[in-house]
Amino acid sequence: MENKKIIFIGPVGAGKTSAIQVVSEIECVATEAKISEKTDVAKETTTVAIDYGRVTTSGDVKAHLYGAPGQSRFDFMWDMLSEQIAHDADGVVMMLDNARECPQSDLKYYLDAFSRLIEGKQLVIGVTRSDIQASPAVSDYEQWLSELNVDAPVQFVDARNSSAVYGLVEAIVGPVKQQSVSGMPHASAGSGAQLGA
Ligand SMILES: Nc1nc2c(ncn2[C@@H]2O[C@H](COP(=O)(O)OP(=O)(O)O)[C@@H](O)[C@H]2O)c(=O)[nH]1
Ligand SMILES: [Mg+2]
């Protein structure tokens with residue numbers, strides 16, 4: 001059985017936890033991940049809460065979904081996360097909240113903070129809350145990405161909507177058997193929330 005790994009990154013409230021929960025075929029709880037850091041004097045272990053869920057592709061590949069903590073108090077964990085959990089990831093989903101003050105800054109910030117993780121991997125940008133704040137538009141994100149020489153598709157999604165989130169995951173691992181434990185494979189989370197890719 002082949003395994004793949006997808007890491008969800010982005011600011012608090014962008015929808016990482018919701019997205020992983022809505023598509024996961026197993027009950028997901030926020031997992032406590034042990035991250036160890038070797039220092040000169042001792043081996044320190046810190047525990048940090050991360051989201052974990054799983055989907056299976058139609059080619060029977062298990063895709064493991066991890067949500068990186070977004071809180072700034074965990075900023076210092078990101079490098080360790082990148083190295084110890086995510087170093088062999090197959091792709092990265094960056095969730096951004098369109099209703100935040102400056103999504104363009106968030107995009108730049110997370111591209112920079114996770115540059116080592118993202119390098120050489122498939123990146124997909126999932127933008128939530130366009131139901132609350134319609135602009136910037138997909139084309140704005142595409143423009144910013146091209147100015148930064150970053151090659152990544154942009155999809156406007158509602159993180160509570162499983163079909164939208166499957167779209168993000170499938171951009172990395174290909175077609176997925178849609179069998180989330182939430183039992184609502186095509187649940188819609190609100191009117192006008194899905195603006196498509
Ligand atoms: N209105 C709206 N709410 C959303 C959307 N996506 C996610 N949410 C909600 O935003 C809140 C924060 O999401 P959460 O998954 O906890 O974000 P996280 O901090 O990135 O893990 C939850 O209450 C979600 O239901 C969206 O597209 N529109
Ligand atoms: Mg969360």
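Helices here are DSSP runs of H or I with at least four residues, numbered from the N terminus. With that in hand, let us walk through this predicted model.

**Overall build**

The protein holds 6 helices and 8 strands. The protein has 197 residues, and 41% of them count as buried. Among contacts with a separation of 6 or more, 73% join residues 24 or more positions apart.

**Around ligand 1**

The shell around ligand 1 has 18 residues, and those that come nearest are Gly15, Lys16, Thr17, Ser18 and Ala159. Helix 1, residues 16–23, gives the shell its largest share, with 3 residues. Here is how the shell divides by residue class:

| Class in the ligand 1 shell | Number |
|---|---|
| Nonpolar | 6 residues |
| Polar | 7 residues |

**The nonpolar core**

The largest nonpolar core has 49 residues, and the members touching the most others are Ile7, Phe8, Val92, Met94, Val165 and Val169. The largest share of this core comes from helix 6, residues 162–173, which supplies 8 residues.

Leaving aside residues up to four places away in sequence, Val92 touches Ile7 and Ile9, together with Phe114, Leu117, Ile118, Lys121 and Leu123. One of these partners, Ile7, is itself listed with Val92 among the core members that touch the most others.

Definitions and conventions
Residues numbered from 1 in each chain as written. Chains lettered and ligands numbered in written order. Predicted model: local features only at pLDDT ≥ 70, side-chain atom pairs only at ≥ 80, totals over all residues. Near = placed C-beta within 6 Å. Helix = DSSP H or I, 4+ residues; strand = E, 2+ residues; numbered from the N terminus. Nonpolar A, V, L, I, M, F, W, Y, C, P; charged D, E, K, R; others polar. Buried ≥ 20, exposed ≤ 12 C-beta atoms within 10 Å, placed from the backbone. Contact = placed C-beta atoms within 7 Å. Core = buried A, V, L, I, M, F, W, Y, C linked by C-beta atoms within 7 Å.
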